Amino acid sequence: GGSPRLEIRGGRERARTWSLLATPASIGDDVLELVHDAEAMGWSVGDRVAVAPTAPRSQGTSESFTILDIDGSKVRLSAPLKAPRRADYEAMPTHAVAVAAEVVNLSRDFVITGDDFEEVACDPALSPDDAGKVSDGGESHSDGCLCTAEKTSCTVGLHTIAIGGGSFEISRARVEKCGQRGVFGKYCAHFHEMGACPSCKFDGNAIEFGMQRAVVVHNTHLSLVRENVVHDVRGAALYVQDGLESWNRFEYNVVICPRGTADHGCAVPGTDNAQADTAVNNAGYWAVSATQDLIGNRFANHFNGMLVETDAPDRKSVV
């Protein structure tokens, strides 16, 4: 129809999807003290959590656990920590500066999942001159896996996308094994040319095990990306694509890269944007357009936490 609407909402609401360590944690600790009360946040025994690293220069490794017990703001983990975590706070006149490990809740009762990733050989029948090429000459291809000097195969998982109008909401869900490395337009979550869409929402979700970006906003305006937690997604996690986008709100999202830069971090080759996705300049948040609202987001263990590249080559710009 002319104005389709899709709503996916998990049944279990959480007041918060993430917290911070309130006190430092040492090697061997299996109890974490959080800034917030775990039960008040809606967390439960059996939930899976990931703890961000705090090693300098993005050299740490995240760790994930199951919650075995909750006592107010203290949670007992299924295994001891293998590395220490910081929890440093400095009082300022109007706020506190927190250098503390993020702890994210990765469990949801509604799960969008699929087969494990599959490595697919490139298609020699595709060429950069075909319809659907990308602006930089075809490192990726919307119709499949394009052969290039950089890649002979693509890594394929599921993807979700809203295209061309109407409204789209995914809330309180888990999206996993998602994205298609080397295939243009195939991401874990994607608002694609939705125009002005204040009812477009990606809210309170957990994204894990992604191969080409987590949330992509493309030629869409006024959308809301809020309170999502992202763990182990290669490429730029939050991505504003062309420079046409305006006044999208990215609020209180937490993105954790589980590997340090010595292990290539969350870089991934063979996409259409080496600046955002590879070791050239991999970023937790990448955008051409600076006319977005970014409030309270945290990016842990990335080469760049946030990169706004307003003069990015081969990208559209607002005229």
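Is Arg-5 buried, partly exposed or exposed? Select Arg-5 to begin: with a relative accessibility of 46%, this residue counts as partly exposed. Here buried means under 20% relative accessible area, exposed means over 50%, and partly exposed lies in between, with a 1.4 Å probe and protein chains only.

The model is predicted, so local features need pLDDT of at least 70 and side-chain atom pairs count only at pLDDT 80 or more, whereas totals for chains, interfaces and linings use all residues. Residues are numbered from 1 along each chain as its sequence is written, and side-chain values use heavy atoms, with hydrogens and water left out.

The side chains of Arg-5 and Glu-7 form a salt bridge at 2.3 Å, N to O; the term stands for a side-chain nitrogen of Lys or Arg within 4 Å of a carboxyl oxygen of Asp or Glu. Glu-7 is partly exposed, at 39% relative accessible area. The structure holds 20 salt bridges.

Next, select Arg-86 and Asp-88. Their side chains meet in a salt bridge of 2.8 Å, N to O. Arg-86 is partly exposed at 40% relative accessibility, and Asp-88 is partly exposed at 33%.

Move to Glu-208 and Arg-48. The closest N and O atoms of this salt bridge are 2.6 Å apart. The pair connects distant parts of the chain, 160 residues apart: Glu-208 belongs to strand E19 (residues 206-210) and Arg-48 to strand E4 (residues 48-51). Strands (E, at least two residues) and helices (H or I, at least four) are DSSP runs numbered from the N terminus. Glu-208 is buried, at 0% relative accessibility, while Arg-48 is partly exposed, at 24%.

Then select Asp-272, in the loop between strand E25 (254-256) and helix H2 (274-277). Asp-272 is buried, with 3% relative accessible area. Its side chain makes a polar contact of 3.0 Å with the side chain of Arg-213. A polar contact is a pair of N or O atoms within 3.5 Å; within protein, one must be able to donate a hydrogen and the other to accept it, and residues adjacent in sequence count only if both atoms are side-chain atoms.

Finish at Glu-39, in helix H1 (residues 38-41). Glu-39 is exposed, at 53% relative accessibility. Select Asp-37, Asp-69 and Asp-71 as well: with Glu-39 they form a negative surface patch. Such a patch joins like charges within 9 Å, using residues with over 30% relative accessible area and no salt bridge.

Notes: Patch = residues over 30% accessible without salt bridge, like charges linked within 9 Å, V, L, I, M, F, W, Y side chains within 5 Å. Areas by Shrake-Rupley, 256 points an atom, 1.4 Å probe, with all protein chains shown as cover. Lys, Arg positive; Asp, Glu negative; His and termini not counted. Charge placed at Lys NZ, Arg CZ, Asp CG, Glu CD.
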